[in-house]
Amino acid sequence: MRIRTRTAEEALATYQALRALHPDAHCELDHATPFQLLCATVMSAQTTDVAVNKATPALFAKFPDAASLAVADPATEVEPLISTIGMFRQKAKNIVGLAKILVDKHGGEVPKTLAALVELPGVGRKTANVVLGVCFGTPEGVVVDTHVQRISQRLGFTKNDDPSTIEQDLSKLFARDHWDLLSHTLIFHGRRVCDAQKPKCETCSVAIHCPVAGEDAATVGRKPPSSRTKRATTAGSVEKTDAKKAGRPASKVAKKNASTTAKKPAPQATKTPKRSP
Ligand code: SF4
């Protein structure tokens with residue numbers, strides 16, 4: 001299906017419709033401080049936010065800040081608290097390692113630049129921009145996960161498959177002020193309405209802006225089953241950056257996210273869907 005790339009004005013109108021549908025869109029990783037969000041985001045690589053949110057209360061109760069976590073033993077003190085999430089051994093090492101660096105180099109605080117953040121173990125560009133956007137309002141790029149990738153393709157925000165190129169496309173299409181909420185809104189939409197395999201076009205109030213609304217929507221933003229595994233690896237290259245630092249291949253990211261997406265309920269839509277011209 002050939003999809004015309006949206007103009008900036010069209011993209012903004014679509015984004016405003018998405019915001020109206022998901023006014024409560026936000027980062028779904030529970031946290032009380034930038035340090036806690038940094039740890040939670042590192043732990044979320046190839047793991048659902050729900051799983052991370054189940055593990056972090058006990059972790060943050062015992063180690064609420066960098067100073068306390070920096071002196072913890074990863075194997076005996078941290079692993080038991082996060083053993084329910086994937087790659088917990090490597091992630092335990094990463095969060096203790098990053099806590100030590102925060103204490104040694106940053107006064108125990110989370111640095112506010114992407115360059116400093118990506119120096120931390122387990123932290124890639126995506127994780128860094130989540131923290132910069134949510135905690136400081138200064139993302140240095142658009143977070144592109146599997147939902148952002150798929151929805152951006154369906155809505156005509158990009159014609160590209162590669163997350164880093166999609167990030168560039170979104171950065172050009174939307175004003176910097178929108179970058180942080182844009183990601184969270186697209187992720188909300190992907191989890192609740194625009195499912196990878198079964199998008200709810202018939203009740204989607206954004207359909208009037210959507211060039212693929214209808215029966216064929218599911219064919220956009222994903223490949224046929226025979227090539228999906230290969231594509232999942234390619235499409236997850238942003239996750240791969242973080243996953244690589246977490247010590248595990250990224251090819252399971254899309255499969256995990258698709259599983260999570262299928263379990264999320266859809267919010268009420270408000271308009272009768274129409275295909276955009
Ligand atoms: S109309 Fe369908 S494909 Fe378009 S954004 Fe809504 S759910 Fe996704």
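**Figure 1. Contact between helices α2 and α6 in a predicted model.** Leu-38, Cys-39, Val-42 and Met-43 of α2 meet Lys-91, Asn-94, Ile-95 and Leu-98 of α6; two residues are in contact if their C-beta atoms, placed from the backbone, lie within 7 Å. By class, the residues of this contact divide into 6 nonpolar, 1 polar and 1 charged. Here Ala, Val, Leu, Ile, Met, Phe, Trp, Tyr, Cys and Pro count as nonpolar, Asp, Glu, Lys and Arg as charged, and the others, Gly among them, as polar. Helix α2 spans residues 34-43 and helix α6 spans residues 88-106. Helices (H or I, at least four residues) and strands (E, at least two) are DSSP runs numbered from the N terminus. Residues are numbered from 1 along each chain as its sequence is written. Because the model is predicted, local features need pLDDT of at least 70 and side-chain atom pairs count only at pLDDT 80 or more, while totals for chains, interfaces and linings use all residues.

**Figure 2. Geometry of the α2 and α6 pair.** Two packed helices are described by the angle between their axes and the distance between the axes. For α2 and α6 the angle is about 155° and the axes are 10 Å apart. Axes are lines fitted to C-alpha atoms, for helices over the stretch in contact, and angles run from 0 to 180 degrees between N-to-C directions. The two helices are therefore roughly antiparallel; angles under 35 degrees count as roughly parallel, over 145 as roughly antiparallel, 65 to 115 as roughly perpendicular and the rest as oblique. The crossing of α2 and α6 is right-handed. A crossing is left-handed if the near helix is turned anticlockwise from the far one by less than a right angle, and right-handed if clockwise.

Figure 3. Leu-37 counts as buried, with 21 C-beta neighbours inside 10 Å. A residue is buried if 20 or more other C-beta atoms lie within 10 Å of its own, exposed if 12 or fewer, and partly exposed in between, with C-beta atoms placed from the backbone. Leaving aside neighbours within four places in sequence, Leu-37 is in contact with Leu-29, His-31, Val-131, Val-134 and Cys-135. Leu-37 and Val-131 are 94 residues apart along the chain, and their C-alpha atoms are separated by 6.6 Å.

Figure 4. With 25 C-beta neighbours inside 10 Å, Gln-46 counts as buried. Met-87 has 19 C-beta neighbours inside 10 Å and counts as partly exposed.

**Figure 5. Helix α9 and its contact with helix α11.** Helix α9 (residues 146-154) is mostly covered, with 9 of its 9 residues buried. The axes of α9 and α11 (residues 179-192) come within 8 Å and cross at roughly 85°. The pair is therefore roughly perpendicular. From α9, the contact uses His-147, Val-148, Arg-150, Ile-151 and Ser-152; from α11, it uses Ser-183, Leu-186, Ile-187, His-189, Gly-190 and Arg-191. These residues divide into 4 nonpolar, 5 polar and 2 charged. Just after α9, Gly-156 takes a positive phi of about 80°.

**Figure 6. Thr-5 in the segment before α1 (8-21).** Thr-5 is partly exposed, with 14 other C-beta atoms within 10 Å. Not counting residues up to four places away in sequence, Thr-5 touches Gly-156 and Lys-159. The C-alpha atoms of Thr-5 and Pro-211 are separated by 9.5 Å, and the two residues lie 206 apart along the chain.

**Figure 7. Residues around the ligand.** Of the 15 residues around the ligand, Cys-194, Cys-201, Cys-204, Cys-210 and Ala-213 come nearest. A residue is near a molecule or strand if its C-beta atom, placed from the backbone, lies within 6 Å of it. The shell has 13 nonpolar, no polar and 2 charged residues.

**Figure 8. The protein chain as a whole.** The secondary structure comes to 14 helices and 0 strands. Of the 277 residues, 46% count as buried. Among contacts with a separation of 6 or more, 67% join residues 24 or more positions apart.
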